[in-house]
Amino acid sequence: MTYRFAYRRFALPLRVAVRTAHGVMTQREGICVRLESEDGRVGYGEAAPLAGFGRETVEADEAWCRRIGDRVDAEAIVAVPPELGSLARALEVAAATDEAPARHAYLPVAALLPAGRAALEKVEGLAEAGFRTFKWKVGVADAADERALLVDLLARLPAGAKVRLDANGAWDRRIAERWLERCADWPVEYIEQPIAPDMRGADDLLLGLAADYPTPLALDESLAGAGDVQRWLEAGWPGIYVVKPSLVRGLGACLDALERASAKVVFSSALETRLGARAGLRAAFGWPGEVRALGFGVWPLFADGSFDGPALAPFIRAEEMSVDPGEAVWTALS
Ligand code: MG
């Protein structure tokens, strides 16, 4: 199969800057790809590389798109370099001719709280709206101050609610151990990426921490692609795998491997437009196992709300994923 290929690079201002241990993001850059097959079928995909996840950049993606020219075939998609996983995934999505059926009518969503003290003002309103899983970024300020804030935050939660902490790799061993000691007594569902994947000895340290403390750990930045998932499966990772579908080339095979290993998976946003988000959410809806609260509680995200995914709510229904927004997003980017 040969396709006509076109792409649009974009830089969309965010409604509110997103602050994590990786820095501050004020706009989302990415690339929308369009494939038109010989029989006239058109498909779209979104490359959404994220700082801290492998070495992929929008610049490198665009350079590859320029190199491709205006015709691609299956071999050209396979030839996308391994480090450009998000671009390869975008092309896979655009070329796909069928979609996995939804196995769930609706799925719960985790609400993303702002970093720092701002979380305290938000959490009660979100709990009232029905959210029971909250995600809070840590590793942004002093660890002892953040733990004190977390105590205040937990006091505002309804019974049965849980908090996910995401350190985005900001801690060292000593800080991580102090947190894990305290979290043993708190309703913390898991701690995401306590240690940066490129820290020396990170893999052994993560495995050691996961074995030594009761609070589960989750890998996120450590999973920059399908190869990393395979490596951690082989290492017997006992914690959670945070899968950002937009970053995983060969997503179907990767999810099959996770399923065979009975892995605990959390599907998560890479701060895509609704085009990339839909592909990721469809993967979550197709997951046969337990689907934990989706890490897609990120909207409204863009200054131009027409790029946002489903309105933030405690649940997403499968029907909300039925319409392909590819054409509309492509047109809006012109
Ligand atoms: Mg994370």
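Ala, Val, Leu, Ile, Met, Phe, Trp, Tyr, Cys and Pro count here as nonpolar, Asp, Glu, Lys and Arg as charged, and the others, Gly among them, as polar. The model on screen is predicted, with local features needing pLDDT of at least 70 and side-chain atom pairs counting only at pLDDT 80 or more, while totals for chains, interfaces and linings use all residues. Residues are numbered from 1 along each chain as its sequence is written, and side-chain values use heavy atoms, with hydrogens and water left out.

**First stop: the magnesium ion**

Select the magnesium ion, which is coordinated by Asp 166 (OD), Glu 192 (OE) and Asp 220 (OD) at 2.0 to 2.2 Å; donors are N, O and S atoms within 2.8 Å of the metal (3.2 Å for Na, K and Ca), and since water is not among the atoms, sites may look incomplete. Along the chain these donors follow the spacing D-x25-E-x27-D. Asp 166 lies in strand β7 (residues 162-166) and Glu 192 in strand β8 (residues 188-192), so the pair ties together parts that are 26 residues apart in sequence. Helices (H or I, at least four residues) and strands (E, at least two) are DSSP runs, numbered from the N terminus. Asp 166 counts as buried at 1% relative accessibility, and Glu 192 is buried too, with a relative accessible area of 1%; buried means under 20% relative accessible area, exposed over 50%, and partly exposed in between (1.4 Å probe, protein chains only).

**Second stop: helix α10**

Next select α10 (274-286), where 12 of the 13 residues are buried, so the helix is largely enclosed by the rest of the structure. Among the buried residues are Leu 281, Arg 282 and Phe 285.

Now show Tyr 44, Glu 46, Arg 89, Pro 245 and Leu 275, which are among the residues lining the largest cavity. On a 1 Å grid over the protein atoms alone, a cavity is a set of points where a 1.4 Å probe fits but cannot get out, a pocket is an open set with protein on both sides within 12 Å along at least five of seven lines, and lining residues have an atom within 4 Å of a point. The volume of this cavity is about 70 Å³, a volume being the space filled by probe spheres set on the points, with grid points joined across faces, edges and corners. Its lining has 6 nonpolar, 4 polar and 2 charged residues, and the largest share, 4 residues, comes from α10.

**Last stop: the largest pocket**

Finally, select Arg 89, Asp 98, Glu 99, Ala 100 and Arg 282, which lie nearest the centre of the largest pocket among its 29 lining residues. This pocket holds about 750 Å³ of space, and α10 gives the most to its lining, with 6 residues.
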